[in-house]
Each structure stands twice: as C-alpha cells, then as structure tokens.
Amino acid sequence: MEKGFNTDLEVKGRIYHVQTEDWGQFNPYLVSRIFKNGAVVKSIKTGYGEVLPTGKTSSTKLIKLAMKVQHNKILDLLVDGKLL
C-alpha cells in the first residue's frame with residue numbers, strides 16, 4: 001500500500017482538502033476525496049485495472065505515479081470549476 005497525497009486548495013474563496021490514497025493489493029483501488037469544512041463533498045474511486053498496465057498491479061512505482069496523476073487531475077478539474 002502506497003502513501004497518499006494531500007492538498008489544501010482555495011477555489012473561488014472556498015478552501016478544499018483533496019486526499020488521494022491507495023487501498024492496497026487486496027482492495028485494488030485509488031480513492032480520492034474532496035473535503036469542504038471537514039465533510040466529503042466528492043469521492044472518486046478508480047480500480048487498478050483502469051489505470052495500470054495489465055500485470056503491473058504490484059509495481060509500487062506505477063501505483064504511486066497513477067495516484068499522483070489522479071490527484072493532480074482532480075486538482076486541475078477543481079480549479080477549472082469542472083468537478084463541483
């Protein structure tokens with residue numbers, strides 16, 4: 001299981017916290033949550049099979065990269081006003 005990413009971001013005067021984590025080999029998902037005032041306002045769950053090459057689900061480097069890509073994509077969408 002890889003450590004995740006956490007970012008606080010201000011969008012249009014509101015503060016959001018974005019958290020992305022790996023749920024591990026036995027629950028193979030990357031999960032990102034967007035919090036506002038401590039409450040989850042959006043959750044995005046991506047299966048390993050959707051973002052990792054076949055047979056690479058045990059590669060920690062690829063899992064970490066997939067988490068970073070997902071996290072950054074969510075930050076970009078949030079800033080662009082396309083997520084909430």
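Start with helix H2, residues 60-79 of this predicted model. How far apart are its end C-alpha atoms? They are 29 Å apart. At 1.5 Å a residue, the 20 residues of H2 should span 28 Å, so the two values agree.

Now look at the side chains. Which residues of H2 are buried? They are Ile63, Ala66, Met67, Gln70, His71, Ile74, Leu75 and Leu78. These residues cover an arc of only 170° around the axis, which puts them on the same side of H2. An α-helix has 3.6 residues a turn, so residues three or four places apart point the same way.

What do the buried residues of H2 pack against? Their partners are E1, E2, E3, E4 and helix H1 (48-51). Turn to the other side of H2. There, Lys61, Val69, Lys73 and Asp76 are exposed. Just after H2 comes Gly81, with a positive phi of about 75°.

Next, move to the loops between strands. Lys12 sits in the loop between strand E1 (5-11) and strand E2 (14-22). Its phi is near 50°, a positive value in a residue other than glycine. Is Lys12 buried or exposed? Exposed counts as over 50% relative accessible area. Lys12 has 76% relative accessibility, so it counts as exposed.

Asn37 belongs to the loop between strand E3 (29-36) and strand E4 (39-47). Here, too, is a residue other than glycine with a positive phi: for Asn37 the value is near 55°. Asn37 counts as exposed because its relative accessibility is 75%.

Methods: Residues are numbered from 1 along each chain as its sequence is written. This is a predicted model: local features need pLDDT of at least 70, side-chain atom pairs count only at pLDDT 80 or more; totals for chains, interfaces and linings use all residues. Side-chain values use heavy atoms; hydrogens and water are left out. Helices (H or I, at least four residues) and strands (E, at least two) are DSSP runs, numbered from the N terminus. Buried means under 20% relative accessible area, exposed over 50%, partly exposed in between (1.4 Å probe, protein chains only). The expected span of a helix is 1.5 Å times one less than its number of residues. The arc is that of the directions from the helix axis to the C-beta atoms. Contact means heavy atoms within 4.5 Å.
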